[in-house]
Amino acid sequence: MKKVALNAAGLLVALFAAFPVYWMISTSLKPSNEIFSATPQPVPTHPTLAHYREILTGNLIPGVSFFDFFVNSALVAVSTVVLSGLVALLAATAVARFRFRLRTSFLIMLLVVQMIPLEALVIPLFLMIQRLGLYNTLPSLILTYLGFSLPFAVWMLRGFVAAVPKELEEAAAIDGASRAQTFRRVLFPLVAPGLVATSIFSFITAWNELIFALTFINDQGSYTLPVAMTFFFGRDDTNWGPVMAASTLFTLPVIIFFLLVQRRMVSGLVAGAVKG
């Protein structure tokens, strides 16, 4: 009975968490008269793809399509994931494998950085971006998101690197492997699960962020999807059908990215520990 109760509680929590997503998808398939009905139905009575066609074929801003916003967000998110993964893995390896001065202070600094609210950094980062000549460019967002995702990525990957026995690297060195080969064939596969987890965090951070994208980008053609979503909300009313359709399309890349990388979270656990 205890197991049944726990499973039932878990199912209720899962349904509670999934209901907003279901309502978003359901609303995106409803015609406008059903969306604004006095008695909204959980299932569309006359499902339609009109809202998706409006999003994909229309222009939120003259001369700029939804696909342009999607490309901008994808470019920023993928660049952030690749750069943060590369830098964080090298930094985590150095912190976990080498003993150097101020090592503990560096680790404490990583935690302190996470405590600073983002709103407090908007103005100083804006001034820095202007001085670097990166204002109104996508690299300004990539560098900003990289700075916010690196502390978490380094801290998490440090634990994965420290958990890898040094004997595996020593055995590879005895077999004639160079440092680069040891890193690529032994350490990297074992740290891959942590790298996947940090990549998901970095991707979601860069994909969903709004404040810095709205502050650092003034060119409408360089807007990312979170900024584009704000154009659906007017002063007097909101077109909920296209909002829900755009939100559904906005959510899909995150789900697809997770489905593509989640298998490697398990496959990388022992891949580097097998000789030959």
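This is a predicted model: local features need pLDDT of at least 70, side-chain atom pairs count only at pLDDT 80 or more; totals for chains, interfaces and linings use all residues.
Residues are numbered from 1 along each chain as its sequence is written. Local features need pLDDT of at least 70 and side-chain atom pairs count only at pLDDT 80 or more, while totals for chains, interfaces and linings use all residues, and side-chain values use heavy atoms, without hydrogens and water.

Reader: Is Leu141 buried or exposed?
Author: Leu141 sits in helix α7, residues 138-163, where a helix is a DSSP run of H or I with at least four residues, numbered from the N terminus. Buried means under 20% relative accessible area, exposed over 50% and partly exposed in between, with a 1.4 Å probe and protein chains only. Because its relative accessibility is 0%, Leu141 counts as buried.

Reader: Which residues have the most contacts inside the largest nonpolar core?
Author: A nonpolar core is a set of buried Ala, Val, Leu, Ile, Met, Phe, Trp, Tyr and Cys residues joined through side-chain atoms within 4.5 Å. The largest one here has 40 residues, and those with the most contacts inside it are Leu141 and Phe212.

Reader: Which helix supplies the largest share of this core?
Author: Helices that each supply at least two residues of the core include α3 (50-57), α7 and α10 (211-216). The largest share, eight residues, comes from α12.

Reader: Does Ile255 count as buried or partly exposed?
Author: Ile255 lies in helix α12. With a relative accessibility of 41%, Ile255 counts as partly exposed.
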